[in-house]
Number of protein chains: 2
Amino acid sequence: MVWCCRDMMGGFNHYVVVKFKDGVAVEELTEGLVKMISGIEHVKSFQWGKDIGGPDFLRQGFTHAFLMTFNGKEEFDAFQSHPNHVEFSKLFSPAVENILVLDFPPTIVKA
Amino acid sequence: MVWCCRDMMGGFNHYVVVKFKDGVAVEELTEGLVKMISGIEHVKSFQWGKDIGGPDFLRQGFTHAFLMTFNGKEEFDAFQSHPNHVEFSKLFSPAVENILVLDFPPTIVKA
């Protein structure tokens, strides 16, 4: 059962976790990110949030999660090399103190 | 626009990133996890995957991502304290070399 759904669903996930540098205008930056991603049709779904959860040792200094899904690896690659993404990265990257990225074909257990 | 959807949707995300210890039977463990989570009604959606993505410095040694969503913080709390979860943690925790957890009410930009 575990493997059925991944094979059936296809899809590709791009999950990014970030700690921003002190002094960064995070709200402004996430608004820009939302605008950039909303304008790229290859992105199937996008959600993000700021951790309000558990103990520090479990979040390891990270504060924000950005979760994007794509219909497949090709769409993800198209997003990665999209001019608007490349352009926005010039703003985003310098604001980041630490970043963790996992890219994977998801196994959907409960949809 | 950014804030509209979170307020409208409610919901709560539990995002977990793991690096397992060497020698751990990861497939067996994830099968147990899938079974445990499938049996807890408070979990609204669950997907997971193994990173096949980018460069090592972006994944920082982590390999697996697990994303659970809930209708709200109450359901998440019920999951956290569910006996099956507590019981499974006794198997899972010793297998983990490094873990990162972010818990957040999501802003859904694209559903």
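## Helix H5 of chain A

Buried means under 20% relative accessible area, exposed over 50%, and partly exposed in between (1.4 Å probe, protein chains only). Helices (H or I, at least four residues) and strands (E, at least two) are DSSP runs, numbered from the N terminus. This is a predicted model: local features need pLDDT of at least 70, side-chain atom pairs count only at pLDDT 80 or more, and totals for chains, interfaces and linings use all residues. Residues are numbered from 1 along each chain as its sequence is written.

In helix H5 (residues 83-92) of chain A, His85(A), Phe88(A) and Phe92(A) are buried. Viewed down the axis of H5(A), they fall within an arc of 70 degrees, so they line one face of the helix; the arc is that of the directions from the helix axis to the C-beta atoms. Pro83(A) and Lys90(A), on the other side, are exposed. The buried residues pack against strands E1 (12-20), E3 (64-70) and E4 (96-104) and helices H2 (26-38) and H4 (73-80) of chain A (contact: heavy atoms within 4.5 Å).

## Aromatic pairs

The structure holds 16 aromatic pairs over all chains. Rings of Phe, Tyr and Trp (its six-membered ring) pair if their centres lie within 6.5 Å; planes under 30 degrees apart count as stacked, over 60 as edge-to-face, the rest as tilted.

Phe70(A) and Phe76(A) pair edge-to-face, at 5.4 Å centre to centre and 70 degrees between the planes. Phe70(A) is buried at 1% relative accessible area, and Phe76(A) is buried at 4%. Ring pairs also link Phe20(A), Trp48(A), Phe66(A), Phe88(A) and Phe92(A) into a cluster.

Definitions and conventions
Chains lettered and ligands numbered in written order. Heavy atoms only, no water.
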